[in-house]
Amino acid sequence: MSSTWHILGAGSLGSLWACRLARSGKAVRLILRGQQRLAAYERKGGLTLMEQDVQHHYAIPAESFDAPGPIHRLLVACKAYDAAPAVARLAPRLAHGAELILLQNGLGSQDEVAEQVPHARCIFASSTEGAFREADWQVRFAGHGFNWLGDPASPGMPTWFDDLHEAGIPAEWALDIPARLWRKLALNCAINPLTVLHDCQNGGLLGHLTEVDPLCDELVNLLHRCGQPEAASDLHEEVQRVILATAANYSSMYQDVRHGRRTEVHYLLGHACRAAGRHGLAVPQLEHLHRRLVDNLQARGLRSD
Ligand code: NAD
Ligand code: KPL
């Protein structure tokens, strides 16, 4: 089985992973949307990673979707709403037993991807690292963090896991990956939409704790109903801790909105509301927040799905 890391989505996180894997000597290939993007990339000659004030260039090979050759290991680094359609286009190239690592935030996109590739193993990831694009093919490593990877369907650690340590990618194999994804989703639901609605940094929510707390109450009930008691434990305290620790930061959803980009709301607050509906659980605060957010996004001319 080939040990090449194919990377789908050469954006912020995909480029960060690609550069670190390539500099540790791993075989890496980027998969780009089409011939035009491929030509633009080849003119640039590679990816640039900025870390503090140091910049390094990595001449990582790239190909388009229809390149020949099977794919055995695929890092899916698109946004949640792009992941399943992108993987569906690549499905004919995925070898039997191929492994996909899904970096998407939130929940729901992982199952959408898995439906496209029943012959592949889907490994879910939850990342607290931070990266953003400064220009095309140039990414800044903005926040050190950690990555948890796991497979809810099968506990065995993949044979390539040490590649991550060798590449300096901080990671742990997590048997409780659904709980970790739910916990992050709950934090994102309690913080991110309110930062958009109040047009504030995370710390600005200290002035709106009367809105944050009832959301946490409903999220705790929802997590219990979804069989995720671990993810519910001390949620109120953790939300306040994160608000304080990231007081000067703008949430990822705030940044998407500020840059006029589509948000991942469907896989965050949208997923929470749909899950509550499936369980017959009333979540009026979350529903109301979702409606306000959708209205706000639509008023800005942004997609709200
Ligand atoms: P991004 O928008 O910077 O990158 C996504 C890339 O995927 C873009 O380059 C886009 O062109 C590409 N893409 C989309 N559809 C494609 C297709 N069909 N074929 C080829 N390429 C395609 O996004 P990002 O910030 O790297 O986020 C990716 C995921 O990681 C999101 O779910 C995000 O929530 C999560 N995440 C990001 C960070 C971060 O700091 N950036 C941190 C934690 C989690
Ligand atoms: O993950 C986050 C985000 O901005 O997406 C935090 C900092 C936890 C806020 O919800």
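**Two ligand sites in a predicted model**

The shell around ligand 2 holds three nonpolar, four polar and one charged residue. Here Ala, Val, Leu, Ile, Met, Phe, Trp, Tyr, Cys and Pro count as nonpolar, Asp, Glu, Lys and Arg as charged, and the others, Gly among them, as polar. This is a predicted model, where local features need pLDDT of at least 70, side-chain atom pairs count only at pLDDT 80 or more, and totals for chains, interfaces and linings use all residues. Residues are numbered from 1 along each chain as its sequence is written, chains are lettered from A and ligands numbered from 1 in the order in which they are written, and side-chain values use heavy atoms, with hydrogens and water left out.

**Ligand 2**

- The residues around ligand 2 are K184, L187, N188, I191, N192, V242, S251 and S252 (a heavy atom within 4 Å).
- Helix 6 gives the largest share of this shell, five residues. Helices (H or I, at least four residues) and strands (E, at least two) are DSSP runs, numbered from the N terminus.
- An oxygen atom of ligand 2 lies 2.5 Å from an N or O atom in the side chain of S252.
- For N192, a polar side-chain atom is 2.6 Å from an oxygen atom of ligand 2.
- For N188, that distance is 3.0 Å, again from a polar side-chain atom to an oxygen atom of ligand 2.
- On its own, ligand 2 has 290 Å² of accessible area, and the protein covers 81% of it. Such areas come from the Shrake-Rupley method with a 1.4 Å probe; for residues, only the protein chains shown count as cover.

**N192**

- N192 sits in helix 6, residues 177–197.
- Is N192 buried or exposed? N192 is buried because its relative accessible area is 5% (buried means under 20%, exposed over 50%, partly exposed in between; 1.4 Å probe, protein chains only).
- Beyond its neighbours within four places in sequence, N192 is in contact (heavy atoms within 4.5 Å) with S251, S252 and M253.

**Ligand 1**

- Ligand 1 is surrounded by 24 residues, and the closest are S12, L13, N105, A131 and E264.
- By class, they are eleven nonpolar, seven polar and six charged.
- Helix 1 (12–23), helix 3 (80–90) and strand 9 (130–135) each supply at least two residues of the shell.
- An oxygen atom of ligand 1 is 2.6 Å from an N or O atom in the side chain of E264.
- A polar backbone atom of L13 lies 2.8 Å from an oxygen atom of ligand 1.
- Alone, ligand 1 exposes 820 Å², and the protein buries 86% of that.

Key:
Polar contact = N/O pair within 3.5 Å; in protein donor to acceptor, adjacent residues only side chain to side chain.
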